[in-house]
Amino acid sequence: MENQKVKRNVSVRAICFTAIMAALIFVFTFSFKIPLGTGYTHLGDSIIFLSIALLGSKKSSLAAGIGAALADLIGGYAAWIAPTFFIKVIMVLICGVFAEKLIKNKIAGFVVGAILGGAFQIVGYTVTKLVMYDKAYALTTLPELVIQTVVGIAVALVFIVIFNKTGVTEKLRKMAE
């Protein structure tokens, strides 16, 4: 038997669901800004974490990177486009490893994964700020980033529990395949 490459078909529906989640992440990042001392925080992370439960980590990582980076582009933070894209993608993949592979209990896996992915996000943005700006700015914005991450996880968790109990999660996951 010849060595053949396996083609993986991606459905139009899966592409559309990923695009919809990217758009929602953009909207909740760009439109729902909460002003804080040195900048703002947003609800985009809650949609990112929710998308992991609805789309899975592979599709969700792309949606998170695109949606959040687009919010930086449109919001006038062009210097943050690349760091945001990579930080969000990696954050989602970390969360997904625990939520989908390492821990059998879906909620416990999500919580552990979200905490570790969120910790990566906090470290990633702080290190980026150290490189782009200085230590004082990076440390000053650290509490805001922690609040944004914790709120994002908590809001997403509420919706995930509700969606799991009502069967919405399974229906949307099947539709997004």
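Visitor: What share of the 177 residues in the protein is buried?

Guide: Start with the term. Buried means under 20% relative accessible area, exposed means over 50%, and partly exposed lies in between (1.4 Å probe, protein chains only). Here, buried residues make up 40% of the 177. Two notes on the source. This is a predicted model, where local features need pLDDT of at least 70, side-chain atom pairs count only at pLDDT 80 or more, and totals for chains, interfaces and linings use all residues. Residues are numbered from 1 along each chain as its sequence is written, and side-chain values use heavy atoms, with hydrogens and water left out.

Visitor: How many helices and strands are there?

Guide: Both are DSSP runs, numbered from the N terminus: helices are H or I with at least four residues, strands are E with at least two. The protein has 7 helices and 2 strands. Along the sequence the pattern reads α-β-β-α-α-α-α-α-α.

Visitor: What radius of gyration does the protein have?

Guide: The radius is taken over C-alpha atoms, and the globule rule is 2.2 Å times the number of residues to the power 0.38. For 177 residues, a compact globule would come near 16 Å; the protein has 17 Å, which agrees. Its C-alpha atoms fill a box of roughly 60 × 40 × 30 Å along the principal axes.

Visitor: Why does Ser-60 count as buried?

Guide: Because its relative accessibility is 0%. Now the whole protein. Of its contacts with a separation of 6 or more, 70% join residues 24 or more positions apart.

Visitor: How many aromatic pairs does the structure hold?

Guide: Rings of Phe, Tyr and Trp (its six-membered ring) pair if their centres lie within 6.5 Å; planes under 30 degrees apart count as stacked, over 60 as edge-to-face, and the rest as tilted. The structure holds 8 such pairs.

Visitor: Why is the pair of Phe-28 and Phe-32 called tilted?

Guide: The ring centres of Phe-28 and Phe-32 are 4.7 Å apart and the planes are at 35°, so the pair is tilted. Phe-28 has a relative accessible area of 24%, so it is partly exposed. Phe-32, at 38%, also counts as partly exposed.

Visitor: Which residues form one aromatic cluster?

Guide: Trp-80, Tyr-125, Tyr-133 and Tyr-137 do.

Definitions and conventions:
Contact means heavy atoms within 4.5 Å.
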